[in-house]
2 protein chains.
Amino acid sequence: MNNRLKVLRAERDWSQQDLAERLEVSRQSVNAIEKGRYDPSLPLAFKIADVFGLTIEDIFSRD
Amino acid sequence: MNNRLKVLRAERDWSQQDLAERLEVSRQSVNAIEKGRYDPSLPLAFKIADVFGLTIEDIFSRD
DNA sequence: AATCAATGACAAGTATGCTTTCCATAAATG
DNA sequence: CATTTATGGAAAGCATACTTGTCATTGATT
């Protein structure tokens, strides 16, 4: 899975830590997901879509 | 998470086994997801959306 | 009545997601 | 130069997703 987290964070000037707090997960989870080391669970994907006001498909795509 | 799998299967007259084969997962996984015992991974959610020609948001929702 | 297809669920095992803790690097700031 | 902030990643542990195998129930068919 590819994701646009880095760009979406940059647009909002959010650090990984900022995003982690909004998502209520650890910074390491944000980093690992952003770098593609693993995929978020579906509930977390929904939460990510929520905080960016986008759909899951806007943010994640299959490679 | 709620899901519309049962209805979507019914509309297509697919058994859980039929859907499992299209998704390349076990029938037990389809059953567990459909009954809400656990959520699919994000890659599987994408695949589910694919086989139904819908978005993840069309199929799954947070409760 | 006997069989079969579909569904629901449990158990044990493997794989993946997520946590905390820790370390390293690079860029900005006092 | 010393410190802080942001990022990337490893290790160990717990939680969840998914597997195969098995069993029980229900409804349809023969």
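**How do you know? A tour of a predicted model**

A search of the whole structure finds one cavity of 30 Å³ or more. This is a predicted model, where local features need pLDDT of at least 70, side-chain atom pairs count only at pLDDT 80 or more, and totals for chains, interfaces and linings use all residues. Residues are numbered from 1 along each chain as its sequence is written, chains are lettered from A in the order in which they are written, and side-chain values use heavy atoms, without hydrogens and water.

Visitor: What makes a space a cavity?
Guide: On a 1 Å grid over the protein atoms alone, a 1.4 Å probe fits there but cannot get out. The largest cavity holds about 40 Å³, a volume being the space filled by probe spheres set on the points.

Visitor: Which residues line the largest cavity?
Guide: Lining residues have an atom within 4 Å of a point. Among them are Met1(A), Ile33(A), Asp39(A) and Phe60(A).

Visitor: What makes Ser26(B) a polar contact of DNA strand D?
Guide: A polar contact is a pair of N or O atoms within 3.5 Å. A side-chain N or O atom of Ser26(B) is 2.7 Å from a phosphate oxygen of DNA strand D.

Note on methods: 1 Å grid on protein atoms, 1.4 Å probe; cavity = no way out; pocket = protein on both sides within 12 Å on 5 of 7 lines; lining within 4 Å. Polar contact = N/O pair within 3.5 Å; in protein donor to acceptor, adjacent residues only side chain to side chain.
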